[in-house]
Amino acid sequence: MENTIVKAENYNSYFGDNHVVKDVNISINKNEVIAVMGPSGCGKTTFLRGINRMHELIPNATSKGKILLDGENVYDMNAIYVRAKIGMVFQRPNPFPNLSIYENVIAGYLLNGIKVSKADKDIIVERSLTSAALWKEVKDSLHKKGTFLSGGQQQRLCIARAIAMQPELILFDEPTSALDPISTSSVEQLFHELKANYTLIIVTHNMQQAARVSDRTAFFYMGELVEFDDTKQMFTAPADQRTQNYITGRFS
Amino acid sequence: MENKRLNLSNSQLKWETFFKRILIGMSILLVLIILGVLATLILESMPSIKSLGIGFLWGKIWDPVQNIYGAYPFLVGTLLTSFIALIISIPFSYAIAIYLGEYNPKGWLSDLLKNTIELIAAVPSIIYGFWGLFVLVPVIRTFEMKIGVAPYGIGVFTSSLILAVMIIPYAASLGITLIRMVPSPLKEGAYALGATRFEVIRSVIMPYTRSGLFAGVLLSLGRALGETMAVTMLIGNTSAVADSIKNAIFGPGNTMASVIANEFTEADHTEYLSALIELGLVLFFVTVVINLIGKRIITRFTND
Amino acid sequence: MEAKIGFRNTKSVIFKGIVVFFAFVITLPLIIVLIYIIKQGITQVNWHFLTNVPAPVGEKGGGILNALWGSFLMVMVAAVVAIPVGMMAGIYLSENPRTKLAYYSGLCVDILQGVPSIVVGIVVYFWIVKPLGTFSALSGSLALAIMMLPIVIRSTEQTLKLLPDSLKEAALSLGVPYHRVILKVIVPCGFAGILSGITLSIARVIGETAPLLFTAFGNPYLSSSLTKPMESLPHLIFTYATSPYDDWHNLAWGASFILLMFVLILNIVTKVITRKWKIQL
């Protein structure tokens, strides 16, 4: 119990009257890498965005139920605080084009007007970029804008930006689907390294990726959490017929 | 770090609502401005509306000394100048739109022409009026002597000429955008059947953009109706109805905008002032309606 | 068949010729006007011209200082009012496109864009000049501000609408509150577009005469008071051009040249901003 970092209790999401995430109960432990997979429209991304309260930013989007972060319901906390506490990386790399690489990494502090000394800033930037395996490649161009970076490097910059806020939990929404295979594998390698210090929840469209990177996998289908198990178990001997169908490619 | 962020977040929430309220407030302000304009115009022209009624619109005499007010001379002046200007400007606007939209959409010559057209729209109307007064008027005077009309120089015709030049950019720039939007497959189909360039333009591009180009014409018209300074300086400021079509076009006149510009500060009694304001109200309605119709057509066109 | 094709081809070539002729011949009036203004006006401009107020009738010399200063002051005040209001309204319209308020507000922007400038002058007369009992630079500035609003609003709205949603999402996910997302990410990324809208609106109102006819009214002396009448470049040109005195005509030519130069420079600046400062997304 002490090891649980995120727990969803009877969590439901809606777009207006459309019930997209149905009664999800799931418990995730610290320093786990969790893959969330399922066919298009199954609610996996909506569920992910419910964790850091990004879901409610869409007009007419509502939710019911609890999501506990370290025992506290995020829906009872200040939404902005929740988002600052949880890191998120998106499908398309989205570094801020008007900020330099350096400024992008500490954007969370910069944009919030949090005062940090120059020395501390330098430390945060170096530490985050190193954790994101990007430091060596950009350390001589920190003050340039990040638009010359490749897709994979931009994505790692976004990861560094999320890490700089010192979250315990980082959410990934299909983080490699817009990247080429080489960049994809460098990001997947990163998951492996980040695990030591963070808990990762990764929504992915790619079954093989789920199998490669995660400890446990959650399978969503039509808004329901159908199965949640050890990755090895899920891919060799799934308990539910629907999971079996998905894995064997009967539908995607 | 944790507590700092929580405290920051709470105060941020207050700014959040404040900011959102300001955004809404500024948008409401816009609505209030328009309502205010309408209310002021109606309020201040009330005396005139009450005493003159609807007959104001076809009253032919405008005599402030005897307190007789009729809008007919200015309606005629406005319509004449605007429509003559429109008719003169349309071939040029269409030619520019077809040239820059179809024949030569890219390149240095195209950019040069496009910038020149934008420059025409950028020159302030007072400068057109000033130039017109000193350069165009003598030329028109000689022209009028040649064709046997009274050589005023100033008048409806002269102001229409300047107005025509001023409104060309409006229909032209809209036309350029619309013609460039014609889908290539449509044109290629016609070429593949052996059509010449002219035929493609006539049978494919023109019908496709017809409603949009009409909207451009409306926008030019709206601009012409509201133009004040250049017209005021060149139209001769006569509030009488002309006795013949020839004199109506080549003689002096007045538009709603020009009579307001000239007589507003001299209006010393209520009936005079409110009659002028009523003209402003009519002008307001006419220009707004025409502009809105034009914009409505454009949005419908771009959404299809 | 062949003869017919030849005929049709000739028609096509003739048509192109007509189009090219009409398209290019229209540049002639503009060139004539520009050259004439420059020729008449540039000889008037010297240090004395720029630093003195107009001389009384009959006296030689004089300048346009009161109009220069007046235009500058009134446009600045108008900008101070119109820029924040316009940007805020533009931000609202781009962020909330489907609300009822956005519909009506957008409608009002369209209406405002079509309102003749003389009508704006009339209305501001009743709003400010009559209550205050005097013509004033303040009323002139307000009239100009109202004319600047539609341009600033539309360019802000259109610039921001072109920015991808992912920008907003990235900032929001970092725990940045909405107002900071807009002010520190969205607006800076749209800076070029918004700024060019502002310079365009200034270029537009700096040459406007009609709204100033019964608001700022005009003043033969140099004034910096917002509650007194004030001269402006376009109004000076109007008054002096339509006067019977040659000396005053000359002043008007010089003023026209200066005004034209300002408008040209502002338009060039707008183009440069759009090209050079656009942030690559």
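**Exercise 1.** How many C-beta neighbours does A:Gln166 have inside 10 Å, and does A:Gln166 count as buried, partly exposed or exposed?

*Solution.* The model is predicted.
- Step 1: locate the residue. A:Gln166 sits in the loop between α7 (151-163) and β7 (169-173) of chain A.
- Step 2: count. A:Gln166 has 17 C-beta neighbours inside 10 Å.
- Step 3: apply the cut-offs. Buried needs 20 or more, exposed 12 or fewer. A:Gln166 therefore counts as partly exposed.
- Step 4: check the backbone. Phi of A:Gln166 is near 55°, a positive value in a residue other than glycine.

**Exercise 2.** Describe the side of chain B that touches chain C.

*Solution.* 
- Step 1: 64 residues of chain B contact 63 residues of chain C.
- Step 2: helix α1 (residues 2-52) of chain B supplies the largest share of chain B's side, 18 residues.
- Step 3: by class, this side of chain B has 47 nonpolar, twelve polar and five charged residues.

**Exercise 3.** Which element of chain C gives the most to the side that touches chain A?

*Solution.* 
- Step 1: 19 residues of chain C contact 20 residues of chain A.
- Step 2: the elements of chain C giving two or more residues are α8 (165-173) and α9 (178-189).
- Step 3: α8(C) gives the most, with seven residues.
- Step 4: this side of chain C divides into twelve nonpolar, four polar and three charged residues.

Key: Residues are numbered from 1 along each chain as its sequence is written. Chains are lettered from A and ligands numbered from 1 in the order in which they are written. This is a predicted model: local features need pLDDT of at least 70, side-chain atom pairs count only at pLDDT 80 or more; totals for chains, interfaces and linings use all residues. Two residues are in contact if their C-beta atoms, placed from the backbone, lie within 7 Å. Helices (H or I, at least four residues) and strands (E, at least two) are DSSP runs, numbered from the N terminus. Ala, Val, Leu, Ile, Met, Phe, Trp, Tyr, Cys and Pro count as nonpolar, Asp, Glu, Lys and Arg as charged, and the others, Gly among them, as polar.
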